[in-house]
Amino acid sequence: MAIDCLVLGAGQEVGKSCAVVTINGKRIMFDCGMHMGYLDHRRYPDFSHVALDGDFSGAIDCIVITHFHLDHVGALPYFTEVCGYRGPIYMTYPTKALAPLMLEDYRKVMVERRGEEEQFTAEHIAECMKKVIAVDLKQTVQVDSELQIRAYYAGHVLGAAMFYAKVGDSALVYTGDYNMTPDRHLGAAQIDRLHLDLLITESTYATTVRDSKYTREREFLIAVHKCVAGGGKVLIPTFALGRAQELCMLLDDYWERMNLNIPIYFSAGLTIQANMYYKMLINWTSQKVKATYVTRNPFDFKNVRNFDRSMINTPGPCVLFATPGMISGGFSLEVFKNWAPSEINLVTLPGYCVAGTIGHKLMSGKPTKIELDKDTEIDVRCQIHQLSFSPHTDAKGIMDLVKFLSPKHVILVHGEKPKMASLKGKIESELGIPCYDPANNENVNVPSTHFVKACASDAFVQSCLSPNFKFSRRNREYECSHQKDSEGVPILQVRDERIAEGIVVMEGNKEAKVINQDELLHVLRRERHEVEFAYCFPAQLSNKNEEPSDTSTDNLQCPYRKCSLLRALLSELSKEFPQVEIQDFGEYVKVESLRVAICLTDECPYRVGGHPLVGCGSVFLCCKWLSRDEQLVWKMISTVRTLDLSLPL
Amino acid sequence: MKLTCLSRGKGFYFPPCHMLNVCGFRILIDCPLDLSALAVFAPIPPGFSAVQDEEDFGHSVGESDGCESGNEERKNIEKPMDAKALIRSEPWYKTVANLHLWNLSFIDVVLISSPSGMLGLPFLTRAEGFSAKIYVTEAAAKLGKLMMEDLVSMHEEFRQFYGSEELGSPHWMKWEELESLPSAMKEIVLGTDGIELGGWMPLYRVPLSAADIEDCAKKAQKLKYAEVACYNGTINIKPISSGLEIGACNWTIRYPDGTIAFVSSSEFVPSHALEFNYNALRSCDVLIYSDFSSLDILETANKGSNYTAPEDSSTSSDLEELLLHADESSEEMDKLNFICSCAVDAVKAGGSVLIPIGRLGIMLQLLEQISICLESSQHKVPIFVISSVAEELLAYTNIIPEWVCKQRQEKLFSGESLFAHVELLNGERLQVYPAIYSPKLLLHWQEPCIVFCPHWSLRLGPAVHLLRRWHGDEKSLLIWEEGMDSDIALLPFEPKVMKMKVLRCSFLSGIVLKKVQPLIHILQPKFLLPEDFRQQIISPVSDSYSVLHYSVNETLKLPTLKEGSELEITADVISRLHWKNLQEQNLSITRLKGNLVMCDARRRILYSDELPCSNSEPPLLSGALDLQKLLTRLSEMGIGGSLQEGSVTTDGLSDARVLRIDAPSEALLEIRSTSTIISAANEELAFHIRDAVNSILDGT
C-alpha cells in the first residue's frame with residue numbers, strides 16, 4: 001500500500017496548482033489552476049500525465065478545489081468542458097459562489113482586452129459550475145464507499161479550505177493556500193489533530209518570518225489619511241475579491257473612529273456584487289466579524305459609494321477602489337493616468353505584481369515617467385505606498401502546522417525552488433519528517449498506513465478493559481535519604497497498566513481471530529498441560545539455640561515449631577527480597593506461585609541430588625512453583641541455602 | 001444497545017424524546033417542552049373576558065355554599081369549562097415527565113435534532129451534576145437560542161403582572177385546585193395517566209433566565225452539516241439533514257460494533273430547509289424510526305388508500321423516484337396559496353390578518369407568498385413581524401446557505417438573497433418590531449394589516465393582545481395551526497361571541513405514509529425499530545430486516561449485532577509477531593501484545609514500548625507429553641535418564657510416570673496426562689529439561 005503524488009503544477013513554482021494523488025487505488029485531483037505568467041500551453045497543467053487516452057472521468061475519482069483564486073481553479077472549465085472530465089467536483093460554498101466571477105472576469109480580460117482566442121466560453125463556466133458539489137466546513141463527504149473527504153478552514157480568502165482525504169486507513173491533507181494568523185475579515189486556519197501519512201502544503205513564504213500586521217495596517221491607514229487630509233485622491237488598485245473587502249473594512253472602521261466623511265468609492269462592476277456574496281457568506285469570515293453581526297452586516301459598508309467614470313476629475317479628496325489590482329489595464333489604469341501626475345495623490349500597490357504590469361514598474365525604483373506605449377507617457381509625481389500584508393502563512397506558520405499535524409511525510413508545493421529547499425531541510429532536521437519538493441510532472445511515492453483487521457472475542461476485549469493494578473512500595477532507604485521531597489507520596493503506589501494481551505489465531509485464509517489465552521485450548525480442542533517445578537532441599541538450623549533435649553527433627557511435628565520456622569524464613573526472605581509480596585499461610589509460605597513448606601516425609605521424591613541432613617538441627621524445605629516464576633525462585637533457593645534459620649530464643 | 005422512548009411527542013412543536021444506551025453510554029435524543037400545555041393558564045390580564053362574570057362567579061360560590069351540605073362534595077365539583085377555569089398564575093412549563101425518572105447526572109451525551117427539541121435543555125444544564133456533552137447543529141443551536149430568548153421575553157409580561165414568584169410550588173399545583181379543574185384541562189396538566197405533574201417546571205431560572213440560555217448555548221458543541229463528532233473515541237456522531245426545519249437533523253451513531261440511524265420527522269422535498277438526506281443513512285445496522293408526528297393526520301387522510309408494499313422487482317431508482325416525487329410538497333404549496341388568498345381577501349374586505357404560526361419555514365414562505373399576492377392584487381397593506389427576536393431571526397436566515405434547500409442555494413450562486421424577505425425589508429413593505437408597544441410600531445401602525453407574531457399557544461406574546469383587539473371583528477382573520485384543542489385555546493377570547501374568522505391549517509411535518517415502505521426498502525437496515533402502535537403500517541416486507549417495536553417508557557434491548565468485535569492492529573505490532581504453525585489443525589497462532597485504544601469509534605491495537613517486559617511469561621502448553629520423544633530430545637541435549645516403572649509418587653496415584661535423570665546430575669520428572677513436575681537441584685538442568693518439555697508440547 002502506498003500513496004502516489006503526481007505534481008502537475010505549482011511544483012517548485014507559484015502558479016497553476018494541481019496535484020493528482022493516488023491513495024489506496026483512489027485518485028483525487030487537488031486544485032486545477034492556471035499559470036498567470038504564461039499564455040501558451042504552459043498556462044495549464046499537462047493533463048496527459050493523468051490519462052494518456054484522455055479518459056479523465058475513468059482516471060480520476062474526484063476533483064477538489066481549495067479556493068477561488070485563478071491559480072487554483074483557472075483550468076477547471078477547460079478540464080471539464082474541453083478535456084471532458086465528468087466526475088464529481090467538490091469545493092466550499094463560497095468558492096462555488098465566487099469562482100465563476102473570477103473565471104468570467106479572466107475570460108473577459110483575455111477575450112475582450114487582449115483579443116485572444118478563448119479557451120473556454122461563458123457557457124462552459126456555467127456548465128462546469130453546475131457539476132460542482134458544494135460542501136460545508138468539516139462536513140464529512142463520502143465520495144464513494146471508500147473515499148472520504150473533509151474541508152477545514154484555511155483563512156487566506158473567503159471560503160478557502162484545506163482538504164483531508166481518507167481511503168481505508170491512509171489519509172492525507174492538501175492545504176491549498178492558508179494563513180495561520182487572522183486578518184481583518186478572516187480567521188486563522190484551523191484543523192484537527194489528524195493521523196496523516198502525507199501533508200501537501202504550500203510554501204509561498206518558505207523562508208520569511210513576518211512581524212505583527214498591525215503596524216503595517218497602521219502605516220497604510222496613516223498614508224491614506226495624510227493624503228486625503230491634504231486634499232489628495234487615493235487610488236487603491238485591487239482585485240475584486242478578498243483584498244478589496246479587507247482594506248474596505250479597515251478603512252470603513254477607521255473612518256468611523258476618526259469621524260471622517262471623505263467619500264470611499266468602489267469602481268462599478270465586480271466589487272459591489274462581490275459584497276453581496278460576502279454578506280450572505282458572513283459565517284465564513286472570522287469569529288470576530290461574525291460576533292459583531294447581529295442585525296447589521298459588517299459588509300454593509302457605511303461610507304462606501306458607487307463610483308462613476310465622470311467623477312474621475314471631480315475636485316476634492318476621495319478614496320477609490322478600482323480593478324484590476326496590478327494596474328495592468330482596465331479602469332485602474334484609466335484612473336491612474338489621470339491621477340498620477342499630481343503629487344498630492346496616492347497610489348497603493350499590492351504586495352506582489354507580475355512583471356510587465358505598471359504595478360511592477362512602480363515597485364521597482366521610483367520612476368518619474370512611465371511609458372504606456374509608443375505614444376503615451378505618464379508623468380508620475382504621486383506618492384506610492386506598497387502594501388505589505390499577505391494572506392499567506394509565513395515560514396513559522398508552515399512549521400507550526402507541520403509540527404501540529406506531525407504527518408509521516410511532507411510534500412512542498414507552491415513556492416520558489418531555493419526557498420523550498422531550505423524549508424525542506426528545516427522540516428527534515430528540526431521535525432525529523434521526510435520532506436519532498438518535487439518539480440512539475442514529478443511523482444513522489446510514500447508508504448501508507450494499513451491496519452490489519454481482526455475479529456476479537458468478547459473475553460479478549462473484556463480482559464483488555466479490565467483494570468490491571470500494579471502495586472509498588474517505595475524504597476525505605478530512598479525515603480530516608482529523600483525525606484523532604486518524598487512527603488506526600490504514599491508508600492504504596494498503585495498503577496493501572498492495562499495491556500492488551502491475547503492470541504491471534506489464523507485458520508486457513510479466514511480473518512484472523514484474536515482470543516484470550518484461556519480460550520485457546522478450547523479452540524485447539526486440547527487440554528492444558530501444566531509444567532511445575534518441585535525441589536526439596538535442606539535448610540540450615542544451627543544448634544546453638546536449640547534446647548538440648550530436642551535433638552531430633554521429631555519436634556517439628558509440633559505445629560508451633562513449624563510455624564515459627566516458617567515465620568523465620570519469611571522474615572529472612574522479606575529482608576532479602578523487599579520488592580516481592582510474601583504471604584504466610586501457616587502451613588506454607590507463598591511467594592507468587594511458589595509454595596514453601598517444611599517437608600516431613602523421609603522419602604520425598606523431589607529430594608533430588610542427594611543432600612544428607614547436615615547436623616541434627618536441619619530441616620527439609622519442600623518447594624513447588626510454576627515456570628513463570630522460575631527466575632525469582634532459583635534466586636530465593638540459593639539465598640535460603642546460605643541462610644541460618646536458627647531461632648533466636 | 002438499548003432504547004427507551006421517554007415521550008412520543010405531539011408533532012412539530014413537541015418532538016419525541018428518547019434515551020439510548022450505546023456501549024454503556026447514555027444518549028438522550030432531544031429535550032423538548034410541551035408548550036401546548038400553556039393552554040391551562042389564563043393570558044394576562046386574566047380578568048379580561050368579562051368583569052361581569054367575575055361578580056357572578058362570586059355570587060354563585062356563595063349560593064352553592066349554602067346549598068351544599070359538605071365541603072368534601074364541593075371540592076369534587078368540576079369548575080365549568082369557561083375562561084374563569086383557566087389558572088391565573090405565572091405559567092410553568094411542561095417538560096418530558098419521564099425524563100425526571102432518570103438520574104440526569106448519568107446522561108453522557110445529549111443530541112438535539114431540531115430547534116424545538118432544544119427548548120428544555122436549560123432545565124438539564126442547570127441540574128446539579130449534569131455533565132453530558134451536548135451536540136447540536138450550528139443552525140439549530142442559533143434558532144433554538146432565539147426561540148428561548150423570545151419565550152423569556154414574552155414570559156416577562158407575566159412576571160411583571162404577577163410580581164415575584166411564590167415560594168415552593170404554586171397554588172394551582174395543590175391537589176384540591178387540580179381536582180377542581182375541568183377534565184380536559186386536568187388531562188393537559190396531569191397527562192392521560194395522571195402522572196405528568198412532575199414534568200412542570202418554572203421557566204428556566206428566575207431571575208437568571210438569560211444566563212440559563214447563555215450557559216446552555218455555551219455547553220452545547222455546535223456541529224457543521226455532516227460533521228463527525230467523536231465521543232470518548234468510542235462513538236461517532238454525525239448530523240444529517242432531515243428537511244423538517246433549518247438546522248433540523250437525523251443522526252447516525254457509529255460505535256465499534258455497529259451503526260445506528262436515528263430518523264425523526266423528515267421531509268423529502270421541503271421548500272425552505274435542506275432536503276432529507278436519506279442516502280447517508282443507507283445500510284445501517286439499526287434504524288430507529290421515530291417519525292410519527294403526523295401520524296393522526298396521515299391515518300385519517302390515507303384510510304382509503306390501499307398501499308401495497310413495493311414488489312421486489314422494483315429497482316431502487318424507481319423507489320427513489322417515488323421518494324422524491326413532490327406530491328406532498330405541491331399539496332403544501334397549494335395550502336400556502338390558499339392561505340394567502342384568504343389573507344388577501346380578508347384585507348381587501350377591510351379586516352386584519354393575524355398569523356401566530358411558530359414554524360420558521362412556514363412563516364418565511366408565507367411572507368414571500370403573501371407579498372407576491374398583495375402585489376398582484378395591487379392592494380397595499382403593511383406586513384408586520386412583531387417579536388423580540390424577529391430582526392435577528394430574519395437576518396440569520398439569509399446567511400446560512402448551507403442549510404437551505406437546493407433551489408435556494410442556487411440563489412446564493414447567482415448572487416440573490418436566499419429568502420425574499422431581505423428585499424421586502426429593504427423596500428419597507430415588511431416592517432419588523434421587537435414588541436407591540438414599540439414606539440415606532442405605534443407610529444407606523446395602520447389597519448387593516450397582516451401581522452406575524454408569536455405565540456401559537458395564544459397565551460403569550462403579541463398574539464394575545466391582537467386577538468383581543470380583533471376577536472369581535474368579523475372581517476378579520478386568524479390563521480392558526482391544528483394541534484391544540486381550540487375550545488380551550490380560544491377560551492379567553494369568548495368563543496361564543498367571537499366573530500373573527502378562524503382558518504385552521506395543518507402542515508406536513510414528517511414522512512407521508514406511502515413513502516415509508518420504499519424508504520425502508522432503500523435504507524436496508526438489519527433491524528428496524530418503530531414504535532409499537534404503528535404495527536399495521538410498518539411490518540417487514542422481506543426477510544432482509546427484522547422489526548422490533550418499542551413503546552413509551554419501556555426499555556427495548558437489541559440482540560448483539562455481531563459475534564465478536566472488530567479490531568484493527570497496526571502494522572508495527574503485526575511485524576513483531578512470531579507465528580507458529582499447527583500443522584494438524586491448519587492453524588497459525590501467535591501471541592499478541594499491545595495497547596488497546598479506542599479511536600474514531602474503532603478498537604485499535606497499538607504498539608507500545610512502555611509495556612512491561614514479558615520474558616517471564618511462560619508459554620501456554622497443551623496436550624499430552626510423548627515420553628519417547630522426550631527421551632530422545634533429552635539425550636540430544638546430553639541429558640540421560642530412564643523411565644522408572646511403578647514408582648511411588650507423592651500423591652500415590654499410579655497414573656503418573658516417573659522419569660529419573662542421572663546425567664549430568666540427578667533430577668526427576670513426574671509426568672501425568674495434563675501436568676508434568678520437574679524436580680532438579682540444579683538450576684541449569686531444570687531449565688534444560690523445561691525447554692525439552694516445552695518443545696515437545698505445542699507451546700504458544
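Let me start with strands S31 and S32 of chain A, residues 619–626 for the latter, which pair in the antiparallel sense over five bridges, where strands are DSSP runs of E with at least two residues, numbered from the N terminus, and pairing requires that DSSP finds at least two bridges. Within this pairing, A:Cys599 stands opposite A:Phe620 in S32(A). This is a predicted model, in which local features need pLDDT of at least 70 and side-chain atom pairs count only at pLDDT 80 or more, while totals for chains, interfaces and linings use all residues. Residues are numbered from 1 along each chain as written, chains are lettered from A and ligands numbered from 1 in the order in which they are written, and side-chain values use heavy atoms, without hydrogens and water.

A:Lys590 stands opposite A:Arg595 in S31(A), and the two strands form a hairpin with two residues between them, where A:Glu592 in the turn has a positive phi of about 50°.

Now to confidence, where pLDDT is the predictor's confidence in each residue, from 0 to 100. The model scores ipTM 0.86 and pTM 0.85, and chain B has a mean pLDDT of 82, with 86% of its residues at 70 or more. Over residues 50–75 of chain B, however, the pLDDT is below 50, and this stretch has eight contacts beyond near neighbours in sequence, a contact meaning heavy atoms within 4.5 Å. Where pLDDT is low, the predicted coordinates should not be read in detail.

Technical notes. Helix = DSSP H or I, 4+ residues; strand = E, 2+ residues; numbered from the N terminus.
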